[in-house]
Amino acid sequence: MGKNELAAKFKVPSYRYNDVTREIDLIEEVTRVEGFDKVTPAIPNISQGADISLDTRIIKTINQTICATSTQESRPVLTGINFKINDNKLVCAATDSYRLACKELDLSSTEDQGDTDIIVPARNLIEVVKLLSSDDDNVELHIFANKVVFRFNSITMMSRLINGN
């Protein structure tokens, strides 16, 4: 190594990669950028877990409750939307302890969806709504112990669930 050379190894989250490379623009050349194979979590087997099929319109109307979620991570339960499915009725509720938004929707499916009570992070639901196009028919939700998987078209998106009441 020469006099003005510096060798460093560090990990950067993928969403911050461009920010970091802009910050180190004083460096003339980055010799090697390595990817990490183990960073992406494995998507659980879809054949396991509860299957819930929701119409695209239902997912887009859930977007009306996102405005009441908190953006502060100090109380994670308030950063998500509570999905409660009972007797083919979906109730979505969100609060930041000052505002409360609640949306009740009838699920017009012939099959019983089962009873479900989960909290999905609002940021992930915003991404799902952005990815939805008008020609999507249904969004499949596969619920696991601490994860939920959204599937529509050729997109599979996994999110952790928020623990709490």
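A residue counts as buried under 20% relative accessible area, as exposed over 50%, and as partly exposed in between, using a 1.4 Å probe and protein chains only. The model described here is predicted, so local features need pLDDT of at least 70 and side-chain atom pairs count only at pLDDT 80 or more, while totals for chains, interfaces and linings use all residues. Residues are numbered from 1 along each chain as its sequence is written, and side-chain values use heavy atoms, with hydrogens and water left out.

The chain has three helices and eight strands. Helices (H or I, at least four residues) and strands (E, at least two) are DSSP runs, numbered from the N terminus. From that end, the elements follow the order α-β-α-β-β-β-β-α-β-β-β. Of the 165 residues of the chain, 31% are buried. Contact means heavy atoms within 4.5 Å. Among contacts in the chain with a separation of 6 or more, 60% come from residues 24 or more positions apart.

Strands of a sheet pair through backbone hydrogen bonds, either parallel or antiparallel. Here, two strands pair if DSSP finds at least two bridges between them. Four strands form an open sheet, in the order β4-β3-β2-β5, and the pairing is antiparallel. Its edge strands are β4 (100-106) and β5 (116-121), each of which pairs on one side only. From one strand to the next, the twist averages 15 degrees. Helix α3 (residues 122-131) packs on this sheet and touches β2 and β5. The direction of α3 makes about 85 degrees with that of β5. Axes are lines fitted to C-alpha atoms, for helices over the stretch in contact, and angles run from 0 to 180 degrees between N-to-C directions.

Within the sheet, five bridges join β2 (residues 80-86) to β3 (residues 89-95). Lys84 has Val91 of β3 as its bridge partner. Elsewhere, β6 (residues 138-143) and β7 (residues 147-152) run antiparallel and are joined by four bridges. These two strands, β6 and β7, form a hairpin with three residues between them. Leu141 has Phe150 of β7 as its bridge partner.

Phe150 is also one of the contacts of Met157. Met157 is found in strand β8 (residues 155-160). Met157 is buried, with a relative accessible area of 14%. Beyond its neighbours within four places in sequence, Met157 is in contact with Asn124, Glu127, Val128, Leu131, Val148, Val149 and Phe150. Asn124 and Met157 are 33 residues apart along the chain, and their C-alpha atoms are separated by 8.9 Å.

Asn124 also lines the second largest pocket, along with Ile66, Thr69, Ser70, Thr71, Glu73, Thr79, Pro121, Ala122, Arg123, Ile126 and Ile162. On a 1 Å grid over the protein atoms alone, a pocket is an open set of points with protein on both sides within 12 Å along at least five of seven lines, and lining residues have an atom within 4 Å of a point. Helix α3 gives the most to this lining, with four residues. The pocket holds about 280 Å³ of space.

The structure holds zero disulfides. A disulfide is a pair of cysteine sulfur atoms within 2.5 Å. Cys92 is in no disulfide, and its nearest cysteine sulfur, that of Cys102, is 8.1 Å away. Cys92 is buried, with a relative accessible area of 0%. Cys102 is likewise in no disulfide. Cys102 is exposed, with a relative accessible area of 52%.

Technical notes:
1 Å grid on protein atoms, 1.4 Å probe; cavity = no way out; pocket = protein on both sides within 12 Å on 5 of 7 lines; lining within 4 Å. Points joined across faces, edges and corners; volume = space filled by probe spheres on them.
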